[in-house]
Amino acid sequence: MVFLLAPCLLFASLWFKNKFENVEAIDRSLRGLHLIQALGPLVQEKSVTGSLGKVPPNLRQELIDFGGENLADPLTSQLDIFLNEPDVKTSLGYAQELSVSISRVAMLDMSVSYEASTLPNLVNNLLFSVIIESSKMTDDARRLYTRKKVNVWEKMLITVQGGKFKAAADTASQITANFIDKLEGPGSAVLQSKTQLFRQANFAFQSEGSKLLRSTILAKTGKDVAAGPIAEVHPELMLATLALWQSSLDYLNGDLVKRRTEMQLDVLLAGLIGALVIVAAFAISVALTRALAERTQQEIESLGYHDPLTGLPNRRALLKRIKTLPEPAPTARYGLLLLDLRQFKKVNDRFSDQCGDLDPEECCRAAWRNRGPGRFPEPHRWHRIPAVQTRAEGRRKVQRICRRTDSGN
């Protein structure tokens, strides 16, 4: 029973543990995602106005609880720099690092479904890069516009900054076109509408950015730099990017909640199937144990009530049978037939015990084959057969006894 139940218990416990750990992992991912969502209003306020107003009072404590002893300090340090750094672009950079750190601790990439697997990278890297690089590009254009003379290094700065922005923005647009537009289910329509607004704002900003680059390359003074148009479209790009960022987080939240529900059903199913497997294994083991016990009991009784050489009932079986006989009628007669093999010792001495054992075995098999109803091994009348000289004489005397037994004489 132990050898049958142990593998079943091990399988059921490992399966249940795996499903339960998946639920815990999704719960941790949801906690991390909610922390990233809490950064959304702060990032938007910082990027648009350049300063922060009221910060949620429990945000710091939630980061400490989420990071634990090992990761609480790095997470809170990144949060403090983001909140207190006066330079907007540097502050947003630390906000991005904080979002990436939370996502890594929450193992967000491993918890979401395959359909939403591109969104964590979009949220933590690409959209943040679009916000930071576009802000740097706009600030550099404004600064160049105030210069009396534009040198080569300043012209290269705008060109390099524009290349960084274009790489992040084009990758984000490509992901939205290849993956987000193909999403289905709850929240996909809202997310797809936000991607359309982002692509439109990105196209407008890149159009003005191209004009900025051309004007910067040809500019001799700051007034020759076309900084005004790109500064006008930049807030629209910021709002569209932040709206896409928030919608992506909302979609990830719905995806994780859906997966958590599925995992909870898997845990319930694993527990149910594990219980059924254990019950079935227990029932089988009980049946096998009972069958083995019955077979062992039969073998013990067979060894106790049968002769090991001939396989026929022995003296103990005869006494047991006699005890179970009903009370005999006054006219009933019982008898017992005894067969005595003479000169048996000579056979053993001459041909060995192994060969000598064949004679009683053959005699008993012949007697068993020729028994009739109500005869051997049933008790019969006692008869003593005198010694005979030939086989034919012995056969005649035994047949005479059998006929007398059948007639009741």
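Asp80 comes out partly exposed in this predicted model, with a relative accessible area of 25%. Its salt-bridge partner is Arg60, and the closest N and O atoms of the two sit 2.7 Å apart. Arg60 is likewise partly exposed, at 38% relative accessibility.

Going through the whole structure turns up 10 salt bridges. One of them pairs Arg260 with Asp27, with 2.3 Å between the closest N and O atoms. This pair ties together distant parts of the chain, as Arg260 belongs to helix α8 (residues 227–305) and Asp27 to helix α1 (residues 2–49), 233 residues apart. Arg260 is partly exposed, with a relative accessible area of 25%, and Asp27 is partly exposed with a value of 25%. A further salt bridge joins Asp170 and Lys166 at 3.1 Å, N to O. These two lie 4 residues apart in helix α6 (residues 152–178), so about one helical turn separates them. Then there is a network: Asp87, Lys89, Asp139 and Arg142 are linked through salt bridges that share partners.

Turning to helix packing, α2 (residues 59–84) and α3 meet at an angle of about 165°, their axes 8 Å apart. The two helices are therefore roughly antiparallel, and α2 passes α3 in a left-handed crossing. By class, their contact involves 14 nonpolar, 3 polar and 1 charged residues. On the α2 side the residues include Leu63, Phe66 and Phe82, while Leu92, Tyr94 and Val105 are among those from α3.

Most residues other than glycine have a negative phi. Met107, though not a glycine, has a positive phi of about 50°. Met107 sits in the loop between α3 (88–106) and α4 (108–111), where it is partly exposed at 38% relative accessible area.

Notes: Residues are numbered from 1 along each chain as its sequence is written. This is a predicted model: local features need pLDDT of at least 70, side-chain atom pairs count only at pLDDT 80 or more; totals for chains, interfaces and linings use all residues. Side-chain values use heavy atoms; hydrogens and water are left out. Buried means under 20% relative accessible area, exposed over 50%, partly exposed in between (1.4 Å probe, protein chains only). Axes are lines fitted to C-alpha atoms, for helices over the stretch in contact, and angles run from 0 to 180 degrees between N-to-C directions. Angles under 35 degrees count as roughly parallel, over 145 as roughly antiparallel, 65 to 115 as roughly perpendicular and the rest as oblique. A crossing is left-handed if the near helix is turned anticlockwise from the far one by less than a right angle, and right-handed if clockwise. Contact means heavy atoms within 4.5 Å. Ala, Val, Leu, Ile, Met, Phe, Trp, Tyr, Cys and Pro count as nonpolar, Asp, Glu, Lys and Arg as charged, and the others, Gly among them, as polar. A salt bridge is a side-chain nitrogen of Lys or Arg within 4 Å of a carboxyl oxygen of Asp or Glu.
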